[in-house]
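Dear colleague,

Please find below the structure that I am handing over to you, together with its sequence. My notes on what was found in it follow directly after.

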Amino acid sequence: MSEYRIETDSLGQVKVPDDKLWGAQTQRSLEHFSIGDDLMPREMVGAYAVLKKAAALANHRGARLTTAQMDLIAQACDEILGGQHNDQFPLHVWMSGSGTDFNMNVNEVIANRCCQIAGTPLGSKKPLHPNDHVNMSQSTNDTFPSSMSISAAVGVQRNLIPTVMALRDAIAAKAEQWKDIVKIGRTHMQDATPLTLGQEWHGYVGMLDESLRHIKDSLKGVYLLALGGTAVGTGLNAAPGFAKDACAEIARLTDLPFVSAPNKFAVQGAHDSLVMLSGALRSLAVSLFKIANDIRLLSCGPRCGFHELKIPENEPGSSIMPGKVNPTQCEALAMIAVQVMANDVAVGFGGASGYLEMNVYKPLIIANIMKSIRILTDGCNNFNIFLIQGTEPNLKQINRFLEASLMLVTALSPEIGYDKASEIALYADNHELTLKEAGLELGYVSVEDYDRIVDPKKMVHPYVAD
């Protein structure tokens, strides 16, 4: 047997390996765009399988495909969705800016798999042609952006949001558990007035709540699909009603509220909704960066740093220093956050690069968005399991800092005035005294008044001394 078969496309004949389901256009892409090691996101394969199945069902309902043809396409798509044929989608991100090669990769694999099922030769395009049947009523220019939206929405709804919610809930549980632990606050990295450890972590909960709200809001535009616009948004070669019918099938297959975009020219000439989603992912990354670095700072030590938090000892921290433990989950999440911020920059440039009726940075946009979704999901999951759940307060250290802080003097300010309170703090620091000792030596406060006014437990809420 020959190692190759001959397949054809509009430019002529191409040798395709006998054991592959792809066809001529996929093979050309492999030869012309063998750039780097970034493959098209795996999520796009599943998204395209959903789309092609939905299109086949809609075309059959409109009497444009026979029942046998629809069933063959649906079977091939179901196999792809089931994880079969993964090695038949080998194309790189760095290809045609429209993603035409990838659309044809999917069309060719489905058509050739249908040949196998029907018992006809690979490449015969019988009983199904990759363009005439699998791509019926479609263009790359509407299917690729639609698959981008499907990939992103499914990834966010099924993976990212539940994982961030689990992290948020784990932090909220700690905030509730620690609501009565009074500690010293810090602003400008300097001592400030007290708050509770629970209040500090409640701030993290609020940040994640806002990030989740931004992400969910951004999905509203992502649910508007370009499918049915075909080449330039006019819907040429798509039957009336196809767009609405096919998008309804996509919604049914994914259990997400996808609909046909009312303005196909907008969603094909630009991808502003995906840019907005990327921005929301960046906002989440910014919040995670702050949370990770706060915990990294508050756990530093154990003897020469803050060490207000005790973090899990997951692995040895040094190849030379015995017993060292590092905040590695904080470091990993912070690096993920930086990468997501960088991905968003690429998405922004890509989104701004729509020319006339089509954006030609589609593979770049979806590759970066899916990478952000993927690493944020995994990073939040690990951060929750291997750091948050095992973190505990170091009460001895927290109390030591609280008792030593000079900023408790803030409570005296309404009673004796800002200037005298400031003088007490500076005098205490310069003479290595407690605030109480300094206030008594200066004669600005009595023992009774100091004890009545300076109460850290009262200072974690709006407070003026009685």
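The residues that line the largest cavity divide into six nonpolar, four polar and one charged. Please note that this is a predicted model, and that the values given here are computed from it.

To stay with the cavity: the largest cavity holds about 50 Å³ of space. The count comes to one cavity of 30 Å³ or more. Its lining is formed by Ile311, Pro312, Asn314 and Glu315, by Val325, Asn326, Pro327, Thr328 and Gln329, and by Phe386 and Leu387.

On the H10 side, the contact is made by Leu274, Leu277, Ser278, Leu281, Leu284, Leu288, Ile291, Ala292 and Ile295. H12 contributes Ile365, Ile369, Ser372, Ile373, Leu376, Cys380 and Phe383. By class, this contact of H10 with H12 has 14 nonpolar residues, two polar residues and no charged ones.

The pair H2 and H3 covers residues 42-61 and residues 67-81. Here the packing angle is about 165 degrees, with the axes 9 Å apart. Because an angle over 145 degrees counts as roughly antiparallel, H2 is roughly antiparallel to H3. H2 passes H3 in a left-handed crossing. From H2, the residues Val45, Gly46, Ala49, Val50, Lys52, Lys53, Ala56, Leu57 and His60 take part; they meet Thr67, Met70, Ile73, Ala74, Cys77, Asp78, Ile80 and Leu81 of H3. The contact of H2 with H3 is made up of eleven nonpolar, three polar and three charged residues.

The pair H1 and H4 consists of residues 24-32 and residues 100-118. The two helices pack at an angle of about 140 degrees, and their axes lie 8 Å apart. H1 and H4 are therefore oblique to each other. The crossing in which H1 passes H4 is left-handed. Ala24, Gln25, Thr26 and Ser29 of H1 meet Asp101, Met104, Asn105 and Glu108 of H4. Sorted by class, the contact of H1 with H4 has two nonpolar, four polar and two charged residues.

In general, most peptide bonds are trans, and most residues other than glycine have a negative phi. Pro302 is placed in the loop between H10 and strand E7 (309-310), and the bond from Gly301 has omega near 10 degrees.

Ala63 is a further point to inspect. This residue has a positive phi of about 65 degrees, although it is not a glycine. Ala63 sits in the loop between H2 and H3.

With kind regards

Conventions. Residues are numbered from 1 along each chain as its sequence is written. This is a predicted model: local features need pLDDT of at least 70, side-chain atom pairs count only at pLDDT 80 or more; totals for chains, interfaces and linings use all residues. Side-chain values use heavy atoms; hydrogens and water are left out. Axes are lines fitted to C-alpha atoms, for helices over the stretch in contact, and angles run from 0 to 180 degrees between N-to-C directions. Helices (H or I, at least four residues) and strands (E, at least two) are DSSP runs, numbered from the N terminus. Angles under 35 degrees count as roughly parallel, over 145 as roughly antiparallel, 65 to 115 as roughly perpendicular and the rest as oblique. A crossing is left-handed if the near helix is turned anticlockwise from the far one by less than a right angle, and right-handed if clockwise. Contact means heavy atoms within 4.5 Å. Ala, Val, Leu, Ile, Met, Phe, Trp, Tyr, Cys and Pro count as nonpolar, Asp, Glu, Lys and Arg as charged, and the others, Gly among them, as polar. On a 1 Å grid over the protein atoms alone, a cavity is a set of points where a 1.4 Å probe fits but cannot get out, and a pocket is an open set with protein on both sides within 12 Å along at least five of seven lines; lining residues have an atom within 4 Å of a point. Grid points are joined across faces, edges and corners, and a volume is the space filled by probe spheres set on the points.
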